[in-house]
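I opened my notebook to look up the ligand site and the aromatic rings. Here are my entries.

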Amino acid sequence: MAAAPPFKPFTLAMIQLGQVGADKSANLRHAREMIHKAAQGAVSPRLMSLQECFNSPYGHVHFPVYAETIGFEPGQPYDVAKTESESVKLLSAAAKDTGVWLLGGTIPERTPEGKVYNTAMVYSPKGDLVAIHRKVHLFDIDIPGKITFKESETLTGGSSTNYFDTEFARIGLGICYDVRFPELAAIAARRGCQVCIYPGAFNTTTGPLHWELLQRARAADNQIFFGMCSPARDLTAGYHAWGHSLVVDPMAKVIGQLEHEEDILFVDIDPKTFTEARAGIPVTTQRRFDVYPDVSKAQ
Ligand SMILES: NC(=O)CC(=O)C(=O)O
């Protein structure tokens, strides 16, 4: 594995979209407008993120209907010009036009074998698709009287951990429910990620107690910056997202958070906090892998 890029200061933008409805073209148009708005903000971001499921309503019945073929293979060249995926075309053009790294939220992806994944894509400022992450842990829960959700009705879980390198940081990837499984962020951090960003969509049942808690926990466990980008809340939709897109620093301090309406969060990521957290509380050098296994060596 190559060494992580030197960690440099940068501004991160979390784009919390409202208006995600049944009309995919309208969803895509709105995402493009908001990406351009974020890029032209008072502080120029170097990296922008969209939310989980930004081009379709969130629900297992919708995934197969909205699914697109991406055809990305890690390590293989990928020609955006040859894709039929309208979401890939839009995200690639938006990254290129703005000249900003873009974590393009997630979309339902259909593979040639007919499997459907919940997939995040990352575009470089040149518009190249450089990484994907398929949601590893499917959101299957049942809280009687509150929420029942079963992604596994139509989705398959991804089977790899993923990160991407920019000129200012190594960024670890996950999607929403993945945050409840600390191994994923631990693996990313031990592979040199200074920042993890997960597009997500918690809800009004799980969000109040767990959204901030889990992100602060993953940041503190690993002494990294940790952020999740959510959809805005739409009470006319079938799924009531929590909103509150959030970024936490390596001391587990919340350094930026939105409310639940459509908005854009700009956060300055300062490597000094990362260095100071690790120097002051040196858990990253005090682990006892003679007592328990190192999960990052498992794959
Ligand atoms: N939507 C998810 O994947 C996860 C979620 O809402 C939760 O864990 O709570």
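Which residues surround the ligand? I listed E52, Y58, K135, F139, C176, Y177, R180, A201, F202, N203, T206 and Y239. I counted a residue as near if one of its heavy atoms lies within 4 Å of the molecule.

I noted the source next. This is a predicted model, where local features need pLDDT of at least 70 and side-chain atom pairs count only at pLDDT 80 or more, while totals for chains, interfaces and linings use all residues. Residues are numbered from 1 along each chain as its sequence is written, and side-chain values use heavy atoms, with hydrogens and water left out.

I sorted the shell around the ligand: seven residues are nonpolar, two polar and three charged. Ala, Val, Leu, Ile, Met, Phe, Trp, Tyr, Cys and Pro count as nonpolar, Asp, Glu, Lys and Arg as charged, and the others, Gly among them, as polar.

I then looked up polar contacts (N or O atoms paired within 3.5 Å). Y58 has a polar side-chain atom 3.0 Å from a nitrogen atom of the ligand. For N203, a side-chain N or O atom is 3.3 Å from a ligand oxygen. For T206, a polar side-chain atom lies 2.7 Å from an oxygen atom of the ligand.

Last, I checked ring pairs (centres within 6.5 Å; planes under 30 degrees apart are stacked, over 60 edge-to-face, the rest tilted). I found 15 aromatic pairs. F7 and F274 are edge-to-face, because their ring centres are 5.2 Å apart and their planes stand at 85°.

Key. Polar contact = N/O pair within 3.5 Å; in protein donor to acceptor, adjacent residues only side chain to side chain. Phe/Tyr/Trp six-rings, centres within 6.5 Å; stacked < 30°, edge-to-face > 60°.
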